[in-house]
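Every answer puts a value next to its definition.

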Amino acid sequence: MDISVKIKEEITKQFDAKVICVMRYPAWLANVVSVPKKDGKTRCAFGVPSGKLLGFIVSRRGIELDSSKIIAIQELMPPRNKTEVMSLLGRLNYISRFIAQLMTICESIFKLLKKDAAVKWTDECQEAFDKIKGYLSNPPMLIPLEPGRPLILYLTVLDNSFGCVLG
């Protein structure tokens with residue numbers, strides 16, 4: 001049976017079992033930003049035009065990466081040990097929703113974390129690293145939901161990874 005048919009059947013089962021359902025969010029929920037207070041704590045504010053929230057820039061236009069986070073990743077040197085590889089992958093996890101098939105791109109880097117593997121930064125690892133840096137030179141923006149427009153779940157299933165996008 002074709003994998004797309006299996007996925008469609010599984011999603012239909014999830015809908016029928018009421019595990020997943022269609023949600024409609026009010027427009028005001030799309031513009032939530034954190035507001036620092038005098039006591040050092042942070043509160044959420046609704047309906048503001050833009051601001052930083054959890055390291056992202058949230059505005060009426062959508063959600064985009066904070067430029068300081070992009071610069072930090074672009075200026076990274078190739079990792080030399082497992083700790084630095086884990087640090088790199090942690091930073092990439094932060095931006096994973098902005099890069100399509102990131103896990104597939106980073107497969108060679110993930111192999112460096114195998115239990116008995118020596119950390120040897122290969123040309124394949126460098127190519128993946130450069131591809132990510134190039135992608136970040138013009139990062140996409142996640143746009144807010146449009147009321148009344150249905151959402152579609154896109155799935156990608158490969159031999160060593162899978163991913164999904166709700167759009």
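Q: What share of the chain counts as buried, and what makes a residue buried?
A: Of the 167 residues in the chain, 23% count as buried. Buried means under 20% relative accessible area, exposed means over 50%, and partly exposed is in between, using a 1.4 Å probe and protein chains only. By the way, this is a predicted model, where local features need pLDDT of at least 70 and side-chain atom pairs count only at pLDDT 80 or more, while totals for chains, interfaces and linings use all residues. Residues are numbered from 1 along each chain as its sequence is written, and side-chain values use heavy atoms, leaving out hydrogens and water.

Q: What counts as a helix or a strand, and how many of each are in the chain?
A: Both are DSSP runs, numbered from the N terminus: helices are H or I with at least four residues, and strands are E with at least two. The chain has six helices and seven strands. Their order from the N terminus is α-β-β-β-β-β-α-α-α-α-α-β-β.

Q: Why is Asp66 called buried?
A: Asp66 has 7% relative accessibility, so Asp66 counts as buried under the 20% limit. Asp66 sits in the loop between β5 and α2. Setting aside neighbours within four places in sequence, Asp66 is in contact (heavy atoms within 4.5 Å) with Lys52, Gly55, Ile57 and Tyr94.

Q: What makes β3 and β4 a pair?
A: Two strands pair if DSSP finds at least two bridges between them. Gly51 has Val58 as its bridge partner in β4, and Lys52 has Ile57. The two strands form a hairpin with two residues between them, and Leu54 in the turn has a positive phi of about 55°.

Q: Which strands form the open sheet, and why do β3 and β5 count as its edges?
A: The order is β3-β4-β5, with antiparallel pairing. β3 (50-53) and β5 (63-65) each have a single partner strand, so one side of each has no neighbour in the sheet.

Q: What makes a set of residues a nonpolar core?
A: The set has to be buried Ala, Val, Leu, Ile, Met, Phe, Trp, Tyr and Cys residues joined through side-chain atoms within 4.5 Å. Here the largest such core has 23 residues, and those with the most contacts inside it are Leu65, Leu92, Ile95, Ile109, Ile132 and Leu136. The elements giving two or more residues to this core are α2, α3, α4 and α6. The largest share, six residues, comes from α3.

Q: Why is Ile99 called buried, and what is it in contact with?
A: At 6% relative accessibility, Ile99 counts as buried. Ile99 lies in the loop between α3 and α4. Leaving aside neighbours within four places in sequence, Ile99 is in contact with Ile105, Ile132, Tyr135 and Leu136. Ile99 and Leu136 are 37 residues apart in sequence and 8.6 Å apart in space, C-alpha to C-alpha.

Q: Why is β7 said to lie largely in the open?
A: β7 (residues 162-166) has five residues and the number buried is zero, so β7 lies largely in the open. Five bridges join β6 (residues 153-157) to β7, and the two run antiparallel. Val157 stands opposite Phe162, and the hairpin that β6 and β7 form has four residues between the strands.
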